[in-house]
Amino acid sequence: MVRFIHTADWQVGMRAVQVGSAAETVRRERLEAVRRILEVARKRCADFLLVAGDVFEDNRVDRVLVQRLLDLLSRSPCPVYLLPGNHDPLVPGAVWDHRGFASPGNVTVLRRAAPVAAPGCVLYPCPVASKESNQDPTGWIPREGAGLPRIGVAHGSVEGPNVSPWDHPIPRDAAERCGLDYLALGHWHSTGTFQDRTGAVRMAYSGTPEPTSFGERDSGNVLLVEVEAGSPPSIQVIPTGRLEWVRMEETLLGPKSLEGLKGRLEALPEPGSTLIHLTLRGHMSPQCLDDLEAIRQVLEARFLWHRIHEDPWEVDRSWIQLLPEGMLREVALRLLDRGEDPAVRDRAVFEMYRILKEVRG
Amino acid sequence: MILHSIRVRNWRCILGELSLEGLPMGVSVVFAPNGSGKSSLFEALRAGLLWRHDSSSKEVKDVVPWGRDLSPEVTVEFSAGGTRYRVSKRFLKGGSCLLERMEDRRYLPLAEGPQGVTRTLEVLGLGQRGGKVWDPASWGALQALWIPQGGICLGTVSDQLEEALRRAVTSQAQDPVSRAFKDRLQGDFRRYFTDTGRESRKSDSPRHVLRSRLEERLKRKEDMEADLRESEALQDGVAKLTAEVVELEARLASVREEEAACGERAERFRRLESELTQVRARRDSLTSQLELVKDRLSRRARVERRIQEVEAEAQAVKLDLPGAEARVADLEERLSRARSELASAREGVDRARLMEEKARDARRLLELRETISRLQGDLLNARAALGEAESLRERLGARRHPSDDDVREARELMTRVVTRRAELEAFMITLEMEPRVGLKGRVTRGEGKVELTASPGERVAVRGTREVEVLLEGFGLIRASGPGGDSASIREDLEMVQGRLTRILEAHRVGSVEELEALGALRRQMEGRLAYLEEGLEGLLRGSDISAVEASLASAREEVDRILSRFPLWAQCPPDPAEEEAKAGEARDVFVALEAAEGLCRELSAELSRTEAELKGLADRGGRLEEELRALGEELLSMEAREELARRLGELQRELDFAAALEEDLARRMADLGDPEGDLRAAAKAREDLEGGLSQLRSRLAREEGQLEALMNRGLYSQLASLEEEIEDLRRELAEEDLRARALDLLMEVHRECQEEMWIRLGSAVGVSAMEILRRMAPRPVGRLVLDRMSPARFSPGEVDSELELGCLSGGEIEQVHFAVRLALGLRLAALEDQLLVMDDALMATDRWRLEAAVEELKSHRELQVLILTCHPERYAPLGVPMLALQAMRAW
């Protein structure tokens, strides 16, 4: 029996432009995730570590970063097999030309579609040599082979609805068709498995070990796989992600709604490693600005990153009626009638409210 | 603003100091006669508050007291905004400004210099004023409150006044919250916009800062993307080069295989070639051997043939040899005889030559003797001619002889002397006297003696030209005159000619022209003789000198002596050349015999030589033939036998035929292999080309890989990521600031609209207020007052329904209307803060009743401090207001 860690889509060097100032932390966490994976491999006594593509975000990533990863992998407790994926395809001038990959060690780049002897098994790698392809990367794998466990490793999309035919398509029965005991897949960031006709799971996406954006489902894992030739593999999902990418949408009905939102935000665990995207809509009163500001401060102070998106509000005008007769009231009422740009108008009303609040003390 | 005191020093007509202190609220009248400094005081007040202390304009210089070098000074104490200030200014020389603020009942400095001026204006709410400070239009709100002499009519309301009024009126119309709101809104607005509504470019403008940062980062991003594009291009390049390298490597492998095959074929070819070479060498060797055997056979035949020939020839020589020996003996005998004849002929020839020499010497002796005789004669003649010529030359050189020119000139001068004397004589007159008594006198004009004495009866004559005068004692002056003419020039010329003639004669030491002519003839005679002698000498000596003639003579004598030494008898008996010549002719026949003998000897000698040579040749030839015959015999003996040579020849020919067949076979096999060396060279060339191309390609690949790696090592990807993140943040912030700016702009716009409407409403309120004042003051009903930008435009009296232009009213009425409007404006301004209203003899056309009404109206407004400057104190005295005499305030 052979035991190994199946992982993919490390995407070291990932740019997280959308999260601005937190991007550096996001990038740093990619390497930290690798460190945690190695720790898992050590603890679980894995025979080797198999990375099913997209080790790097891009072939253009800084070579210093490549060296950093190599330094990290040099401390791996077991051999590491790296498969080029569609983000880092095996082309001339690719990241794989780095000198560190040329020197013999415990890191092997699976450069050729040819069987590779690994500890206790035979690997059938399907390296990616272009960003896009409509060819089945597993097509080359011979059905017959040695008596050792046959483990395929490929990077692409398992065929299905809403899947581009140019996304390195992999048949749903690829493992069975190729006579593989296990087909380690990469490309999808969510963890996912595929049963064959017997109900056995011989194909799986490990997903990315560290979530990469908002809206990802079940990411941040690696798979501990145990394979015995001719038997269904045993697959165990092990969480490795640290950053939480949270998307929240709130419809406010009044000051009480903001209080509830604030409470829910404060209740979120590990805010220091949480990126939050908050969308607010509904009924907004200038009187709520203080509460909104308080929420803003909470997010700013505690969370790794946040963004509040305000959908067009339904602005509360009741405060204007409370203004004394005079020019200010005249200004406020007249402002409400200016309909050139509702966003500008609403913001002007809020600004007026803010200034009045400041001058009144 | 409220005025507490003013101190003026050295201002126009105010010499020394003038002080106005303790001014109360309400109405005060300051009076003084015209020219006492009322208007100067008002001007000093304006200068103290508004003017720049460091100005050197004409208006400032004009305030200096006339004809003095003084620095005008003014100190004003006033209250503004509830605080008391004191501003002191000195203009022109030593100009200064000091603004003080009262704190704890004492003044403390607040600002000085230009800052003092600026702060004073700020305290008065005027800010930085533009324009000329002596122009009321630039007084700001004070334009409404300060009324210069005769200037009650407000005229055009300046923008500054309108702004000040607007600010003051708006301030009054708004509560503190509204004012604070407005200030805060303006503060926020100005962070984003300029006063003219354009987007602010100031360094603290958030949008400008963000936009600048964004632009800078976008530029950096663009640069980085360019670098990344370059890296992508390099990647593509590397990929292409790699593919080319792979392709070339494949082609190189193919070419190398081809080259190896060619090499193998070439090796086979070389082996066959080597075999062929060996076969050819063998064939050549056989051919050589065959030729050698053939040659030996041929040589043997030649030797045998030659032996036969030599034997025949030797036999013939032996037969010719005796005949030749006989001819030699005969010739030797004949030659001996001929040589005897030749010897006797040669003896006759010597005698004949001696006779010829004797005859020649005899002839020569006679010639020499003639020559000697001739030369001796010539020598004698030449020596005589030389002596005479020398004598003549001495005579010619002994004195100076006149030349022909001298003689001719002397003759001409003599002729001119004679002519001139004759001409002079024609002018001469003579005074002849023959006195009866003795006379004594003096010639005063004439020639000859000066003193004149004559005995009685003695005839005396005095000569002269043209006129003669004699002064005789006892007789006086006697004068005689002759014919006219210029005798002086003739006399002068005569003297000159005579002088010249005298000099010529003296030069040749003769006394007359005739002697000079004789001397010239003698010279010519001697010169002719000398020429004759020299010509004769030339003929005698023939171009040479006398020593050469003497040498020729000596040479001839020597030759004569030499001939006589050979033939001594000729000294006594001279020879006969004809006889000697005849003897020599006879002896000359022996020469013919000598020539014949010599010819015979030569012929016989030649024939003998030929015959002897022939004989020797025959003997030598016989010897050679014998020698050759012996050598040929030896050679023939050393040669192989003819049969043996024929056998070897047959064997060699068979071997040669076999080698030719083998060579033909090898050549055919080599032809089958083609040109393997050429193919090999072509393959090697192709391989080298490919290797070269591959090497270059690999170099390029390495270079581009190096460049790519260098680019990759720059960390562009991370930097770009960070930059894009920053840009994203900046864009979001900018969008936020844009929204806020637009919101503030909208808010400001709406606020302005509301303020404008309020201004219009409050502007009409000023009009209403002015109407109320007018109604209180006017002696008759008042209808309507229409203002145009706060200035009265039209007026309708109560009894008239229609509106009238203000010019239709009387002067007093016009002043009253303007006074009401000014007062209404002042009251509006004073509603915010107490105000000083200054009237410098403003109401000139107002009658006593209207003035009384106006003062009463002024007195009713305690928020105003009214200062009336006038030169008509009598008009105000009955009105119950404080009266201050300006004269009393002067401090000298």
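This is a predicted model: local features need pLDDT of at least 70, side-chain atom pairs count only at pLDDT 80 or more; totals for chains, interfaces and linings use all residues.
Helix α7 spans residues 206–398 of chain B and helix α13 residues 577–587 of chain B, and the two pack with their axes 8 Å apart at an angle of about 160 degrees. Angles over 145 degrees count as roughly antiparallel, so that is the label for α7(B) and α13(B). On the α7(B) side, the residues that meet α13(B) include B:Ala352, B:Met355, B:Ala359 and B:Leu366; among their counterparts in α13(B) are B:Pro577, B:Glu580 and B:Lys583. Sorted by kind, the residues of this contact come out as eight nonpolar, six charged and no polar.

Turning to the cores, the largest nonpolar one has 87 residues, and B:Trp11, B:Leu49, B:Trp146 and B:Met839 have the most contacts inside it. Helix α18 of chain B (residues 811–830) gives the most to this core, with ten residues. Sequence neighbours within four places aside, B:Met839 is in contact with B:Ile147, B:Phe819, B:Leu858, B:Val866, B:Leu867, B:Ile868 and B:Leu869. Another core, of 49 residues, lies apart from it, with A:Met284, A:Met327, B:Leu185 and B:Met758 among its members.

Not counting residues up to four places away in sequence, B:Ser28 touches B:Val866, B:Leu867, B:Ile868 and B:Pro882. B:Ser28 sits in strand β3 of chain B (residues 26–31) and counts as buried because its relative accessibility is 1%, where the cut-off is under 20%.

Definitions and conventions. Residues are numbered from 1 along each chain as its sequence is written. Chains are lettered from A and ligands numbered from 1 in the order in which they are written. Side-chain values use heavy atoms; hydrogens and water are left out. A nonpolar core is a set of buried Ala, Val, Leu, Ile, Met, Phe, Trp, Tyr and Cys residues joined through side-chain atoms within 4.5 Å. Buried means under 20% relative accessible area, exposed over 50%, partly exposed in between (1.4 Å probe, protein chains only). Helices (H or I, at least four residues) and strands (E, at least two) are DSSP runs, numbered from the N terminus. Contact means heavy atoms within 4.5 Å. Axes are lines fitted to C-alpha atoms, for helices over the stretch in contact, and angles run from 0 to 180 degrees between N-to-C directions. Angles under 35 degrees count as roughly parallel, over 145 as roughly antiparallel, 65 to 115 as roughly perpendicular and the rest as oblique. Ala, Val, Leu, Ile, Met, Phe, Trp, Tyr, Cys and Pro count as nonpolar, Asp, Glu, Lys and Arg as charged, and the others, Gly among them, as polar.
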